[in-house]
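The exercises below are meant to be worked with the sequence and the coordinates side by side. Try each task before reading its solution.

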Amino acid sequence: MTDTETQPWDAAEHLETSEDMVAYLEAALDQSDPKLVTAVLGDIARSKGMTKVAQEAGLGRESLYKSLSPDGNPEFGTVLRVVRALGLRLRAATL
């Protein structure tokens with residue numbers, strides 16, 4: 001049997017366009033899992049540059065990393081500030 005070498009996969013490295021980011025966030029929102037949505041926002045923020053996003057959201061970079069980690073628990077106001085800093089918008093729709 002041959003050993004298989006694996007590489008870590010980072011979603012942030014594959015988010016190249018705004019459409020990629022929107023589709024990724026919409027897929028997470030469809031799951032209704034707050035931790036997943038938080039982690040996805042973190043991936044999107046890292047793809048755009050966490051320092052830049054933190055500045056535009058008026059937040060500290062380190063606190064933003066913690067808030068948007070898979071174990072983070074950001075306040076809703078923080079989520080809205082990050083979404084806006086990412087150039088995205090949350091919308092409501094009927095099921």
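**Exercise 1.** Which residues in α3 are buried?

Solution. The model is a predicted one, in which local features need pLDDT of at least 70 and side-chain atom pairs count only at pLDDT 80 or more, while totals for chains, interfaces and linings use all residues. Residues are numbered from 1 along each chain as its sequence is written, and side-chain values use heavy atoms, with hydrogens and water left out. Helices (H or I, at least four residues) and strands (E, at least two) are DSSP runs, numbered from the N terminus. With buried meaning under 20% relative accessible area, exposed over 50% and partly exposed in between (1.4 Å probe, protein chains only), the buried residues of α3 are M50, V53, A54 and A57. These residues lie on the same side of α3, because they cover an arc of only 100° around the axis, the arc being that of the directions from the helix axis to the C-beta atoms. The cover over the buried residues of α3 includes α2, α4 (61-67) and α5, and just after α3, G58 takes a positive phi of about 70°.

**Exercise 2.** Describe how α2 and α3 pack, and which residues meet.

Solution. Two packed helices are described by the angle between their axes and the distance between the axes. Axes are lines fitted to C-alpha atoms, for helices over the stretch in contact, and angles run from 0 to 180 degrees between N-to-C directions. For α2 (residues 34-48) and α3 (residues 50-57), the angle is about 105° and the axes are 6 Å apart. Angles under 35 degrees count as roughly parallel, over 145 as roughly antiparallel, 65 to 115 as roughly perpendicular and the rest as oblique, and α2 and α3 are therefore roughly perpendicular to each other. Taking contact as heavy atoms within 4.5 Å, G42, A45, R46 and K48 of α2 meet M50, K52 and V53 of α3.

**Exercise 3.** Locate S32 and P70, and decide whether each is buried or exposed.

Solution. S32 is placed in the loop between α1 and α2, and with 64% relative accessibility S32 counts as exposed. Most residues other than glycine have a negative phi, whereas the phi of S32 is near 55°, a positive value in a residue other than glycine. P70 is found in the loop between α4 and α5 and is exposed, with a relative accessible area of 54%. Although P70 and L36 are 34 residues apart in sequence, their C-alpha atoms are 6.8 Å apart in space. Leaving aside neighbours within four places in sequence, P70 is in contact with K35 and A39.
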